Amino acid sequence: MDFLASLAPGPTRRGRLHAALRQLHERGDALITQLRNGLREIGRVRLYGPSPGTARTPTIAFTVDGVPSIQVAEKLAARGVFLSHGDFYAMTVVERLGQTPHGLVRAGCACYTTPEEVDRLLAGVRAL
């Protein structure tokens, strides 16, 4: 809590925590919007999940037509972009989305993610 409170100014610990969490949410929403908009512009990408601006975590699930999710993850890792792939313990959802056996690719934006890293991820997906 002290670490989170240290991320924002304010007269009280509670006020600093509230401000820090609000700023982290706004930042995560901006980054995930950047990522979603960029992925949406790539013709072979299919997005899953709610749009930014709704109650959500700053993560995106997607697939690239013709490229199994494990290959997307491996090719991006070779470019220094690390993300997850698979069913994420949501096998029924992945099955209903028609994405078995390869699953989805999932990318997230954390408090330390930069806009430049999102751009690198987008460039890597465009290069597939």
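Is Tyr 89 buried or exposed in this structure? With a relative accessible area of 85%, Tyr 89 is exposed. The points below place this residue and others within the fold; the model is a predicted one.

1. As background, most residues other than glycine have a negative phi, and most peptide bonds are trans.

2. A cis peptide bond. Thr 100 and Pro 101 are joined by a cis peptide bond, with omega at about 5°. Pro 101 sits in the loop that leads from helix H4 (91-96) to S4.

3. The sheet. Four strands form an open sheet in the order S1-S2-S4-S3, and their pairing is antiparallel. Strand S1 (45-48) and strand S3 (84-86) are the edge strands, each pairing on one side only. On average, neighbouring strands of this sheet are turned by 30° against each other, direction ignored.

4. Pairing within the sheet. S1 and S2 run antiparallel and are joined by four bridges; Tyr 48 stands opposite Ala 61 of S2. S2 and S4 likewise run antiparallel, joined by four bridges, and here Phe 62 stands opposite Val 105 in S4. Between S3 and strand S4 (residues 104-108) there are three bridges, again in the antiparallel sense. His 85 has Val 105 in S4 as its bridge partner.

5. Helices on the sheet. Helix H2 (residues 13-40) packs on the sheet, where it touches S1, S2 and S4, and its direction makes about 15° with that of S2. Helix H3 (residues 69-77) also packs on the sheet; it touches S2, S3 and S4, and its direction makes about 165° with that of S3.

6. The helix H2. An α-helix has 3.6 residues a turn, so residues three or four places apart point the same way.

7. The nonpolar core. The largest nonpolar core has 23 residues, and those with the most contacts inside it are Leu 35, Leu 39, Val 45, Phe 62, Leu 83 and Val 125. H2, S1, S2, H3, S4 and helix H5 (115-126) each contribute at least two residues to this core. Neighbours within four places in sequence aside, Leu 35 is in contact with Ile 60, Ala 107, Val 118, Leu 121 and Leu 122.

8. Strand S2 and Thr 63. S2 is mostly covered, with five of its six residues buried. Thr 63 lies in this strand, which spans residues 59-64. Thr 63 counts as buried because its relative accessibility is 9%, and the limit is 20%. The side chains of Thr 63 and Tyr 48 make a polar contact at 3.3 Å. Apart from neighbours within four places in sequence, the residues in contact with Thr 63 include Arg 44, Val 45, Tyr 48, Gln 99 and Leu 104.

9. Ser 69 in H3. Which residues contact Ser 69, its neighbours within four places in sequence left aside? They are His 85, Gly 86, His 102, Gly 103, Leu 104 and Val 105. Ser 69 is found in helix H3 and, at 3% relative accessibility, counts as buried. A polar atom of the Ser 69 side chain lies 2.4 Å from the backbone oxygen of His 102.

Key
Residues numbered from 1 in each chain as written. Predicted model: local features only at pLDDT ≥ 70, side-chain atom pairs only at ≥ 80, totals over all residues. Heavy atoms only, no water. Buried < 20%, exposed > 50% of the residue type's maximum accessible area, 1.4 Å probe, protein only. Polar contact = N/O pair within 3.5 Å; in protein donor to acceptor, adjacent residues only side chain to side chain. Contact = heavy atoms within 4.5 Å. Pairing = 2+ DSSP bridges. Axes fitted to C-alpha atoms, helices over the stretch in contact; angles between N-to-C directions. Core = buried A, V, L, I, M, F, W, Y, C linked by side-chain atoms within 4.5 Å.
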